[in-house]
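Hi everyone, thanks for coming. Let me put the structure up on the screen, and then we can walk through it together.

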Amino acid sequence: MNGARSIDRQRGIVAARELCGSIYNTSRLLAHRRIRQPTTNLERRIDFADGSSARVYRETVVDAVSHAEPVTLAVGFRLRGVGQNEIAHAVFRRESLFNTPLFVGFPGFVSKLWLAHDGNGLYRGLYDWDGVDRAESYVRALWWPLALVSERESITYQVIPGITRDTASTQPELFRDEGQWWRPRG
């Protein structure tokens, strides 16, 4: 038991260090005006292979980032204690803007579509990332702040190498997995 706690503590320390690095890098990106929030995808509804759908409520993009090894990253979670309370969901969507420094400054981040909760209360983020290892490093660090506000068992992700987010969301025929929460249906 103490060994598991020690490993969790070590992982938490590494995650905290990486999140702080992201915050620092975000400040540099902001100073150079490289972070944008385009409006072209706002209110776009994305259907998923599990029969759910969600609305894009924000998009975040970093300009002039390499996309040499394209990766789509899908992250899903349910907020703890919110249920169907639409006011609480609206508050979360507004305040989530303040979470931007926790991911924009990670190495390899390209863009993110922020999706509102679906009928099952699942929030999703659909990311463009450069590099599988970079995307997975981000997800390991992300788990810690998500665990503070989410039902822990609901935190999930899928890394899809070799494909951009836009391709994943407009060409569902590229995937063989049926019924997956992360797979856009186009």
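R165 is buried, at 3% relative accessibility; buried here means under 20% relative accessible area, exposed means over 50%, and partly exposed is in between, with a 1.4 Å probe and protein chains only. Before I go on, please keep in mind that this is a predicted model, in which local features need pLDDT of at least 70 and side-chain atom pairs count only at pLDDT 80 or more, while totals for chains, interfaces and linings use all residues. Residues are numbered from 1 along each chain as its sequence is written, and side-chain values use heavy atoms, with hydrogens and water left out.

Back to R165. Which residue sits 3.2 Å from R165, counted between the closest N and O atoms, in a salt bridge? That is D166, and a salt bridge here is a side-chain nitrogen of Lys or Arg within 4 Å of a carboxyl oxygen of Asp or Glu. D166 is partly exposed, at 40%. R165 also pairs with E59, again at 3.2 Å from N to O. R165 belongs to helix 4 (residues 165-170) and E59 to strand 3, so this bridge ties together parts that are 106 residues apart in sequence. Helices (H or I, at least four residues) and strands (E, at least two) are DSSP runs, numbered from the N terminus.

The count of salt bridges comes to seven. Another one joins R124 and D50, at 3.6 Å from N to O. R124 is in strand 6 and D50 in the loop between strand 2 (45-47) and strand 3 (53-62), so the two link parts 74 residues apart in sequence. R124 is buried, at 3%, whereas D50 is partly exposed, at 33%. Together with D118, these two form a network of salt bridges.

Now, the pockets. On a 1 Å grid over the protein atoms alone, a pocket is an open set of points where a 1.4 Å probe fits, with protein on both sides within 12 Å along at least five of seven lines; lining residues have an atom within 4 Å of a point. The largest pocket has a volume of about 330 Å³, the volume being the space filled by probe spheres set on the points. Its lining has 21 residues, with F77, F92, N99, L142 and L146 nearest the centre. Helix 3 gives the largest share of that lining, five residues.

The second largest pocket holds about 280 Å³. Of its 17 lining residues, N25, L29, R34, G105 and F106 are closest to the centre. Helix 1 (residues 2-31) contributes the most there, three residues.
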